[in-house]
Amino acid sequence: MTEPCADKRLLLTADLDGELDAGRSAELHNHMRGCPGCAALRDDLLSLRRTLATDIAYHRVPHALRQKLAPSTKRETAWRLPAGFAGGALAAGMALLLLPHSPDAVSTNELLASHLRALQPGHLTDVASNDQHNVKPWFDGKLDFAPPVRDVSAQGFVLDGGRLDYVGGRTVAVLVYLRQKHVIDLYVRPDAPTAVSNTANGYNIVSWTQNGFAFTAISDLNINELQQFADAFQAQS
Amino acid sequence: MEERDRRAVLLLRHLDAAYNLARHLMRDPTQAEDVVQDAMLKALAGAATFRGGDPRAWLLRIVRNTAYDTLSAGKRRGEELLEDDLADPSADAETLLSQRQNVALAADALAALPLEWREALVLRELEGLSYREIAEITQTPIGTVMSRLSRARQAMLTARDSTP
Ligand SMILES: [Zn+2]
């Protein structure tokens, strides 16, 4: 078994985490083509990432402790909403103020609002399944187009289901993927993109077009990994 | 909304992240709850030290410091379980994990990692944080974050490969 180059270990780690600039990353990938040891370590690191994604528990705070820590004010009913939602709504409010009034701003705001609405309990998916062969046919007859549903679990993004949503004046398909506890909403519509890649208050937006569809992914996942998701999704076409 | 409540809302949004980190650092649900509660109270009381920026990173730093304090206090009281945690993780990764047993499962291998490697891996893989954010939370240079992650992953791979 060939060993990886000692001086490449840190670079391989940084590259895996999306922390290398494009030039150094390209250099490293070029090196891996001629170096089985480094290429094998890269594969091992990717497989370890998948193992961690599936085998390591994300411990959510016990309900009783959350209740105990919530502010005890008159607005108690509001606090009973999941904290994620309360904070999210606040973050959305700030995002609305911060986004520039460019032509795309309305739809970006609309997307963000739609995403945050969906994060409320019970609103995320209309069809819940990890299998694209269940999710894809669910959209049949509900839309005037057939959204592509792709399996990117090998890259650590697990399909969670899909739903219908209404943004930009039309009904669209939303595919829901999970990376750990992070929800990725992928909006799919059959025409020109209505949102640009953007970042607002911790929510990242990545948009692209492919095969006549416009895709917009929105998540609180960091921008590097959201871009990895976009790349992985496009590569599966 | 009162300023304190506003801050509480911002912090509560990151309560799962706080608890998850505490749980992986303390490896015990009760101690993790104590750490989170302590950290939240400190965060709300010490708001003067919050000068904008990312509230999650700020809360996680307080959680992290509280966890370390609790572990140190436990060590002073001679709690055996914690001994390895605060040792300098300079030992070679392979030796380190081969001395352990029951690291066949990824969760066990993670729990067996030195504290500083474990926290880097949890913040990176479970929270999806960038090196800059992890550096801020752990008050460590970015280069150190990178080397901890590299060694933590190597140790996890070694544990996996040495499992029959
Ligand atoms: Zn090499």
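## Salt bridges at the surface and between chains

A:E3 is exposed, at a relative accessible area of 54% (buried means under 20% relative accessible area, exposed over 50%, partly exposed in between, with a 1.4 Å probe and protein chains only). Its side chain meets that of A:R9 in a salt bridge, at 3.9 Å from N to O (a salt bridge is a side-chain nitrogen of Lys or Arg within 4 Å of a carboxyl oxygen of Asp or Glu). A:R9 itself counts as partly exposed, with 25% relative accessibility. Side chains of opposite charge can pair when their charged atoms come close. Over all chains, the structure holds 20 salt bridges.

Another pair is A:R49 with B:E125, whose side chains form a salt bridge at 3.0 Å, N to O. A:R49 lies in helix α3 (residues 36–55) of chain A and B:E125 in helix α7 of chain B, so this pair joins two chains. Here helices (H or I, at least four residues) and strands (E, at least two) are DSSP runs, numbered from the N terminus. A:R49 is buried, with a relative accessible area of 5%, and B:E125 is buried at 3%. Both belong to a network of salt bridges that links A:D17, A:R49, A:R179, A:E225, B:R124, B:E125 and B:R153.

## About the model

Please keep in mind that this is a predicted model, in which local features need pLDDT of at least 70 and side-chain atom pairs count only at pLDDT 80 or more, while totals for chains, interfaces and linings use all residues. Residues are numbered from 1 along each chain as its sequence is written, chains are lettered from A and ligands numbered from 1 in the order in which they are written, and side-chain values use heavy atoms, with hydrogens and water left out.

## A pair within helix α8

In chain B, the side chains of B:R132 and B:E136 meet in a salt bridge at 3.9 Å, N to O. These residues are four apart in helix α8 (residues 131–138) of chain B, which means that about one helical turn separates them. B:R132 is exposed, with a relative accessible area of 52%, whereas B:E136 is partly exposed at 31%.

## Helices α2 and α7 of chain B

How do two helices of chain B cross? The axes of α2 (residues 15–26) and α7 (residues 115–126) of chain B come within 10 Å and cross at roughly 150°. That makes α2(B) roughly antiparallel to α7(B) (angles under 35 degrees count as roughly parallel, over 145 as roughly antiparallel, 65 to 115 as roughly perpendicular and the rest as oblique). Axes are lines fitted to C-alpha atoms, for helices over the stretch in contact, and angles run from 0 to 180 degrees between N-to-C directions.

From α2(B), the residues B:N20, B:L21, B:H24 and B:L25 meet B:L115, B:R118, B:E119, B:V122, B:L123 and B:L126 of α7(B) (contact means heavy atoms within 4.5 Å). The residues of this contact divide into six nonpolar, two polar and two charged. Ala, Val, Leu, Ile, Met, Phe, Trp, Tyr, Cys and Pro count as nonpolar, Asp, Glu, Lys and Arg as charged, and the others, Gly among them, as polar.

## Two loop residues with positive phi

Most residues other than glycine have a negative phi. A:Q180 is not a glycine, yet has a positive phi of about 55°. A:Q180 sits in the loop between β3 (170–179) and β4 (182–189) of chain A and is buried at 17% relative accessibility.

B:R27, also not a glycine, has a positive phi of about 60°. B:R27 is in the loop between α2 and α3 (29–45) of chain B and is partly exposed, with a relative accessible area of 29%.
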